[in-house]
Amino acid sequence: MSHPTTRVLAMLELLQADHRLTGPVLADKLGVQERTVRRYAALLAELGIPVTAERGRYGGYRLLPGFKLPPLMLTDDEATAVVLGLLAGRRLGLPPEATESALAKVGRVLPAALRGRVQALRETLGLTLTPREGPDTAASVVLALAGAVHDHRRVRLRYRSWQGADSERDLDPYGLVFHSGRWYVTGHDHRSGEVRTFRADRVLEVTRGLQSYEVPDGLDPVQQVMRGLAGVAYAHEVEVLLETGLAEARRRIPPVAATLTETAGGVLLTARAERLDGMAQMLAGLGWPFQIRRPDELRTAVRDLSARLLAQADR
């Protein structure tokens with residue numbers, strides 16, 4: 001809860017949950033000094049939220065009796081989208097404490113009739129998504145990286161590798177990507193001189209700099225992260241020209257599987273594969289004419305697949 005605005009809103013949340021809280025209690029819960037609590041109370045008052053301070057042994061801060069924030073006016077579709085997004089986010093790896101807290105806050109400010117329907121959705125919904133497990137990424141890291149990407153500002157990262165070694169590096173962040181329950185940042189790493197991808201849960205600290213940069217034309221952060229992850233695990237580099245349109249290819253082939261580039265004669269598929277027989281099966285399943293550019297071993301895998309299918313057809 002490092003951002004002042006976040007702490008001011010947290011103070012409002014605390015005061016709504018409890019009729020009266022002392023300065024020391026609020027300071028402890030917010031992680032600030034008592035004089036900062038007084039400043040936050042003044043800010044809330046300036047926003048038209050009636051926070052009063054009472055002196056004396058039993059004094060403290062409280063909202064005027066009868067004050068409530070206006071209901072959050074969402075349509076049924078909007079409320080469903082919010083709840084589904086939070087529930088799915090929890091399964092995808094977002095911190096469960098954050099998603100549960102957000103769901104509770106949304107529920108408290110919905111109109112009564114809609115609140116009941118949303119609660120029924122939460123209690124009856126079944127998800128087929130397998131819960132993701134792994135280290136949480138600090139929200140402060142994600143927000144700092146997102147701001148730097150948006151403003152094209154270089155950052156200095158304090159980073160811990162999978163081996164446990166700490167390092168510092170200057171990064172021009174090109175994009176932030178959420179994949180399989182983890183956050184990744186990709187950009188130009190000045191330490192190595194290359195475009196690299198880093199796991200955000202291994203970032204210990206982000207310091208924003210003043211230097212600006214330009215993102216290379218045509219760079220797709222999602223594809224960059226997918227290539228980086230695939231390059232770690234798979235050995236075979238594949239290039240195939242698919243005789244179809246780019247829109248159709250993107251509907252059938254997910255970004256995690258390959259990079260698709262529109263070119264003369266169709267769409268160029270580039271990927272890395274662990275097994276070429278699996279790549280041959282994927283190409284056959286697409287049903288489009290194709291031309292193999294590399295590797296030559298993929299031609300052999302396609303011929304072997306064809307022979308196996310012919311043998312099955314003759315049984």
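Which residues in helix 4 meet residues in helix 5? Let's find them in the structure above, keeping in mind that this is a predicted model.

**Helix 4 and helix 5**

From helix 4, the residues taking part are Val82, Val83, Leu86, Leu87 and Arg90. Their partners in helix 5 are Pro96, Thr99, Glu100, Ala102, Leu103 and Val106. Sorted by class, this contact holds eight nonpolar residues, one polar residue and two charged residues.

Two packed helices are described by the angle between their axes and the distance between the axes. The table gives these values for two pairs that you can look up in the model.

| Helix pair | Angle | Axis distance | Crossing |
|---|---|---|---|
| Helix 4 and helix 5 | about 165 degrees | 9 Å | left-handed |
| Helix 10 and helix 11 | roughly 65 degrees | within 8 Å | right-handed |

An angle over 145 degrees counts as roughly antiparallel, so helix 4 and helix 5 are roughly antiparallel to each other.

**Helix 10 and helix 11**

Now turn to the second pair. The axes of helix 10 and helix 11 cross at roughly 65 degrees, which makes helix 10 roughly perpendicular to helix 11. On the helix 10 side, the contact is formed by Leu276, Asp277, Met279, Ala280, Gln281, Leu283 and Ala284. Helix 11 meets them with Glu297, Leu298, Ala301, Val302, Leu305 and Arg308. By class, there are nine nonpolar residues here, along with one polar and three charged residues.

**The nonpolar cores**

The largest nonpolar core has 22 residues. Val238, Leu242, Ile253, Leu269 and Leu298 have the most contacts inside this core. At least two core residues come from each of strand 8 (236-242), helix 9 (246-252), strand 10 (266-273), helix 10 (276-286) and helix 11 (296-313). Helix 10 gives the most, with five residues.

Not counting residues up to four places away in sequence, Val238 touches Leu269, Thr270, Ala271, Ala273, Leu276, Met279, Arg294, Pro295 and Leu298. Another core, of 18 residues, lies apart from the largest one, and its members include Leu12, Leu15, Val32 and Leu44.

**A loop residue to look up**

Is Thr137 buried or exposed? Thr137 sits in the loop between helix 6 (112-124) and helix 7 (139-151). Its relative accessibility is 13%, so Thr137 counts as buried. Leaving aside neighbours within four places in sequence, Thr137 is in contact with Val142, Trp183, Ala200 and Asp201. Thr137 and Asp201 are 64 residues apart along the chain, and their C-alpha atoms are separated by 4.4 Å.

Technical notes. Residues are numbered from 1 along each chain as its sequence is written. This is a predicted model: local features need pLDDT of at least 70, side-chain atom pairs count only at pLDDT 80 or more; totals for chains, interfaces and linings use all residues. Side-chain values use heavy atoms; hydrogens and water are left out. Axes are lines fitted to C-alpha atoms, for helices over the stretch in contact, and angles run from 0 to 180 degrees between N-to-C directions. Helices (H or I, at least four residues) and strands (E, at least two) are DSSP runs, numbered from the N terminus. Angles under 35 degrees count as roughly parallel, over 145 as roughly antiparallel, 65 to 115 as roughly perpendicular and the rest as oblique. A crossing is left-handed if the near helix is turned anticlockwise from the far one by less than a right angle, and right-handed if clockwise. Contact means heavy atoms within 4.5 Å. Ala, Val, Leu, Ile, Met, Phe, Trp, Tyr, Cys and Pro count as nonpolar, Asp, Glu, Lys and Arg as charged, and the others, Gly among them, as polar. A nonpolar core is a set of buried Ala, Val, Leu, Ile, Met, Phe, Trp, Tyr and Cys residues joined through side-chain atoms within 4.5 Å. Buried means under 20% relative accessible area, exposed over 50%, partly exposed in between (1.4 Å probe, protein chains only).
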